[in-house]
Amino acid sequence: MNPAQISKLLSLGEGQRVEFKSSVKHVEALGRVICGLLNTSGGYLICGVKDQGSVLGVDVSADAVAALEKQLYEGIAPKTLVEMELATLEGKPIIVFEVPAGKDVPYAFRNTIYIRSGDTTQPADPETIRDMVLRRQTEPERWERRFSFADIEADVDLDQVRAVVADAQKVRRAFFRNAGNPQMVLEDFSAAKYGRLTNGGDVLFARNPATRMPQIRVRAMRYNSDKAGDTYRDMKSFEGPLHAIFEDAYAFIVRNTPTAARFTKGQPKRDDSPLYPEDAVREALINALAHRDYSSSSGGVSIHIFPHRLEIWNSGSLPDGVTVEKLKQGQISVLRNPDVSHVLYLRGLMEKAGRGSVLMIQQCRENGLSDPEWKSDEKLGVTVIFRAPEVTGEVTGEVTGEVTGEVAGEVAGEVKRLLTVVKGEMKRQEIQNQLGLRHEEHFRDAYLTPAIQAGLIEMTQPDKPKSSKQRYRLTPLGEAISAKIAGLSDEIIP
């Protein structure tokens, strides 16, 4: 949360969703407020601020902050994700707790259930507790909490368990009863109970949950044109524990999107970076994996990469209370799968619950892109779209720069001819035949090597350049220049 957002909360004063505390000395008082927010609509607890909103600051060490977080974590039941952030306002350190509306009400702090009423927090009376319990009994259990058919002894990937423990301990984000006991760790994550994995635990920690839940697979396609069809440059399906799926899917996006060259005013050197901001794309992908609807066997997550846009889709509409407009403004995250989200948070993949969309917008603007677009439909799911700057300076600069430096140079004619004949993935001999060239050495020296060095042609097996199965294809940049040469898309390069 940035200082402007915190100042805005302070200006609104205390209320149903905001509480100020002048210090962090009284853990009991902090725990009561957090518990009350969890049991109602969620909100913020800001420490180091007077009741009237003036900033005092807090004087605590990093160890004291970690100890505070541990005491709060241990006091709240059932366990849930509460984000604590050390921020600076008016030059003074403050602590901001961001509390989502809980999915497992009633919550208790040190065995007492609290609720938020107006700007006060109070113990829940018996009638309120009864109503909470009855509501929970009548509402269906979350999909991630239902028991999986996985064998906790045979199917759990212990390396994944150890990796999460290491990540969580590194950043002091979780506390374990016994970090060396995998089953107890799984229970601490609400990923197992009574010796059985939950669906959430299966997705996160099993070696291959897709054998039981095929909907967790992620499909990724790279298209040759801006229209989805049956012609792909690359297509993959990823499965495994969720963290591995995320890494593989993200690598696919990086591999299949072009690099943009940008010139910053006052800087003599060109800055080469991915066309779509890396952090923004990672945020969009992890949000799709964390917030998707896992309960439908026909659901899933898919990635569609077109020459001029990137789309990441997930099944399930935005949760109740979340709208596209609120996403753009940044709001407390409403978690569809809080157990799954909590583990992703501990692994450092979800940095700011509820504000990822704001981060994405900010990074796109900083890189000269239009804002990412969200589309949500109850039946069609949620799609995030990143668009390439077709008519702005970035892509034009990148493409024309390459054309000037490589294509328009000494070998411009040969490279241009090469680009016009490559269709899909082709063998070297097939390309030579199309060009009517008989001598391999001349073809490589005058055509193929310059095109590869210019980033216009790429090998399908770059790790095995001499493989008999080697094929060559156009890169996104090569496609753009090929289209220009063919006179099919003059709008790409003025």
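## Helix H16

In this predicted model, helix H16 has Phe 443, Ala 446, Tyr 447, Leu 448, Pro 450 and Ala 451 as buried residues; buried means under 20% relative accessible area, exposed over 50%, and partly exposed in between, with a 1.4 Å probe and protein chains only. Helices (H or I, at least four residues) and strands (E, at least two) are DSSP runs numbered from the N terminus.

H16 covers residues 440–453 and has a kink of about 30° at Tyr 447, shortly before the proline Pro 450. The bend at a residue is the angle between axes fitted to the seven residues ending there and the seven starting there. Gly 455 follows H16 and has a positive phi, near 75°.

## Basis of the values

Residues are numbered from 1 along each chain as its sequence is written, and side-chain values use heavy atoms, with hydrogens and water left out. As the model is predicted, local features need pLDDT of at least 70 and side-chain atom pairs count only at pLDDT 80 or more, while totals for chains, interfaces and linings use all residues.

## Salt bridges

Side chains of opposite charge can pair when their charged atoms come close. A salt bridge is a side-chain nitrogen of Lys or Arg within 4 Å of a carboxyl oxygen of Asp or Glu. By this rule the model has 27 salt bridges. One of them joins Asp 155 and Arg 212, with the closest N and O atoms 3.5 Å apart. Asp 155 lies in the loop between helix H4 (126–138) and helix H5 (158–170), and Arg 212 in the loop between helix H7 (199–205) and strand E11 (218–223), so the pair ties together parts that are 57 residues apart in sequence. Asp 155 is partly exposed at 22% relative accessibility, and Arg 212 is partly exposed at 26%.

Another salt bridge, at 3.3 Å from N to O, is formed by Arg 255 and Asp 234. This pair links distant parts of the chain, 21 residues apart: Arg 255 belongs to helix H8 (residues 242–256) and Asp 234 to strand E12 (residues 232–238). Arg 255 is partly exposed, with a relative accessible area of 44%, whereas Asp 234 is buried at 9%. Arg 365 and Asp 371 also form a salt bridge, their closest N and O atoms being 2.8 Å apart. Here Arg 365 is exposed at 55% relative accessibility and Asp 371 is partly exposed at 29%. Salt bridges with shared partners also join Asp 104, Arg 142, Glu 144, Arg 145 and Asp 339 into one network.

## The E17–E18 hairpin

Strands E17 (residues 373–377) and E18 (residues 381–387) run antiparallel and are joined by five bridges; two strands pair if DSSP finds at least two bridges between them. The two strands form a hairpin with three residues between them. Ser 376 stands opposite Val 382 in E18.

An open sheet of four strands, with mixed pairing, has the order E1-E2-E5-E4. Strand E1 (18–21) and strand E4 (83–89) are at the edges with a single partner strand each, so one side of each has no neighbour in the sheet. The twist averages 20° from one strand to the next. E4 pairs with strand E5 (residues 92–99) in the antiparallel sense over seven bridges. Pro 93 in E5 is the bridge partner of Thr 88.

Helix H1 (residues 3–12) lies across E1, strand E2 (43–47), E4 and E5, and runs at about 95° to E4. Axes are lines fitted to C-alpha atoms, for helices over the stretch in contact (heavy atoms within 4.5 Å), and angles run from 0 to 180 degrees between N-to-C directions.
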